[in-house]
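I opened this entry to keep track of what I looked up. My notes follow the order in which I checked things.

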Amino acid sequence: MKIRTWAATGLAAVLGAVLAGCGGGSADAGGNTVNWWTWDDHQAAAYQVCADAFQKANPGTTVKISQYTVADYFTKLTAGFVAGTAPDAFQDSVQYLQAYASQHQLLPLDDYIKKDNFDLKKFSVGVNSWKFTDGKQYGLPLDWASAGLYYNTDSLTKAGYTAADVQNLSWNPDDGGTFDKMVAHLTVDKKGVRGDQPGFDKNNVATYGMGQLAAKDFIGQVTFSAFASTLGWRLGDKPEWPTKFNYSDPRFVKTVNYIRTLTDRGLAPKIGTFTTGGGQSTVSDADLIGSGKVAMELSGSWSAPSFAKLPGVKIGIAAPPTGPDGKTRALTSNSNGNTIWAGTKNPDLTWKWVSYMGSQDCQTAASKTGTFFPSIPASMDATTAAMKPQGVDLSVFTAMLKNGSLYPAEVYANGAAVQAAEEPLLESFYSHNRNDDVFPDMEKQSVSLLAKK
């Protein structure tokens with residue numbers, strides 16, 4: 001599951017501070033207790049199955065799983081580093097790999113991997129994402145995620161389209177291709193006029209053909225990336241530890257300009273349409289489709305169970321559109337990792353737990369809920385099979401994984417700082433406060449921030 005990015009909390013900011021409620025870390029653990037933290041309530045529940053099996057196989061051992069909200073998670077983790085009460089192991093985001101590894105808060109896993117002959121090739125994605133610039137492996141892939149095109153089948157049928165039509169959409173930055181035609185026809189104003197018909201009122205839309213693509217998503221996993229990537233564009237100048245983000249690349253500029261036309265034409269919502277003044281979404285992607293406010297939505301793979309549970313609404317899932325050649329489909333796939341705190345008092349036992357979490361047996365058992373995608377292909381196949389009887393068809397995602405449509409998300413430095421700098425600039429473009437002149441500024445900001453140690 002992808003996390004929402006949040007401003008990082010530096011160690012210096014909390015030196016000497018011990019946050020209440022940070023207990024349960026390694027310092028409190030007995031000799032046979034392993035504390036593992038996650039921000040994901042779904043994975044906390046799912047991996048309890050593995051914890052029970054691990055404890056049964058290792059009598060006298062206790063695995064304690066703790067879950068905190070994303071808003072608190074990394075602050076508590078940092079405070080735990082300072083106070084010596086961090087968990088033995090924890091779910092981690094690559095956004096924080098540079099900070100944690102350079103501050104020596106993560107235990108290198110190379111010796112354990114070599115000693116146990118642990119096979120890293122079993123994972124489908126994410127191995128290199130957890131290798132730092134010093135060449136050491138600091139984490140094991142815990143999950144993976146990508147994006148899919150979710151749609152309301154009733155809206156589709158009423159507009160005269162079939163599931164095959166959505167699956168075979170193509171896109172280009174000049175006229176939008178068949179994707180644009182479908183989005184326009186699926187859009188309906190409050191008088192029932194469609195977006196491609198005379199008299200359509202773009203200022204009074206009842207159903208948007210497409211959900212929000214014009215968003216402050218500076219990485220673009222569920223917005224621009226699935227489109228720009230079909231043109232051969234990639235976010236970074238290299239896949240791992242890039243020196244710049246390619247925001248001034250003409251392919252990116254064309255893509256986001258096309259996305260802005262969707263909002264200008266009333267075919268997709270503008271930033272803030274479904275948000276409060278504080279900027280937090282008041283309606284989930286699933287609820288927007290379920291309520292009929294949007295007909296299609298590009299959303300994360302982790303949302304599939306939520307879409308499937310919508311009462312009285314049948315949702316289909318398709319791969320995002322191909323590029324101008326009608327063949328190329330390219331999307332980023334990010335992977336969270338499982339890391340061990342360098343200060344753990346139980347390194348051998350913690351490794352035993354973390355490596356078990358990276359086994360096919362554990363991942364197959366834990367991922368049957370479908371709320372996250374396991375990083376081992378055989379376990380992913382089992383997840384897909386387990387979810388199908390529940391009306392959740394994940395085959396779109398497994399197909400993209402197997403046919404090479406997915407490529408790893410960039411691993412980069414100073415993620416929180418880059419986010420804080422780039423998001424307002426991208427928002428200024430979508431709101432027409434800036435035009436193409438903003439993209440060199442965005443790229444310049446990325447060069448400066450990615451270089452900071």
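**The disulfide**

I began with the link of Cys-50 and Cys-362, which is right-handed, with 110° about the S-S bond. Cys-50 sits in helix 2 (residues 48-57) and Cys-362 in helix 14 (residues 360-366), so the pair ties together parts that are 312 residues apart in sequence. The S to S distance of this disulfide is 2.2 Å. A disulfide here is a pair of cysteine sulfur atoms within 2.5 Å. I searched the whole structure and found one disulfide. Are its cysteines, Cys-50 and Cys-362, buried or exposed? Both are buried. Buried means under 20% relative accessible area, exposed over 50%, and partly exposed in between (1.4 Å probe, protein chains only).

I note the ground rules here. This is a predicted model, where local features need pLDDT of at least 70 and side-chain atom pairs count only at pLDDT 80 or more, while totals for chains, interfaces and linings use all residues. Residues are numbered from 1 along each chain as its sequence is written, and side-chain values use heavy atoms, with hydrogens and water left out. Helices (H or I, at least four residues) and strands (E, at least two) are DSSP runs, numbered from the N terminus.

**Salt bridges**

Next I asked how many salt bridges the structure holds. I got seven. The term means a side-chain nitrogen of Lys or Arg within 4 Å of a carboxyl oxygen of Asp or Glu.

I looked up Glu-443 and Lys-244, whose side chains meet in a salt bridge at 3.5 Å, N to O. Glu-443 is in helix 18 (residues 438-450), and Lys-244 is in the loop between helix 9 (225-228) and helix 10 (250-264), so this pair ties together parts that are 199 residues apart in sequence. Glu-443 counts as buried, at 12% relative accessibility. Lys-244 counts as partly exposed, at 29%.

Then I turned to Arg-434. Its side chain meets that of Asp-437 at 2.9 Å, N to O. The side chains of Arg-434 and Asp-441 also form a salt bridge, at 2.6 Å, N to O. I therefore recorded Arg-434, Asp-437 and Asp-441 as linked in a network of salt bridges. Arg-434 is partly exposed, with a relative accessible area of 22%. Asp-437 is partly exposed at 45%, and Asp-441 is partly exposed at 33%.

**Helices 17 and 18**

I checked how helix 17 (residues 415-430) lies against helix 18. Their axes come within 10 Å and cross at roughly 180°. That makes helix 17 roughly antiparallel to helix 18, a label for angles over 145 degrees. Axes are lines fitted to C-alpha atoms, for helices over the stretch in contact, and angles run from 0 to 180 degrees between N-to-C directions. Contact means heavy atoms within 4.5 Å. On helix 17 the contact residues include Ala-417, Leu-425 and Phe-429. On helix 18 they include Phe-439, Asp-441 and Leu-449.

**Strand 7**

Last, I looked at strand 7 (residues 205-210). Why do I call it largely enclosed by the rest of the structure? Five of its six residues are buried. Strand 6 (residues 188-189) and strand 7 pair in the antiparallel sense over two bridges. Two strands pair if DSSP finds at least two bridges between them. Val-205 in strand 7 is the bridge partner of Asp-189. Strand 7 and strand 8 (residues 294-300) pair in the parallel sense, over two bridges. Here Met-210 has Met-296 in strand 8 as its bridge partner.

How values were computed. Angles under 35 degrees count as roughly parallel, over 145 as roughly antiparallel, 65 to 115 as roughly perpendicular and the rest as oblique.
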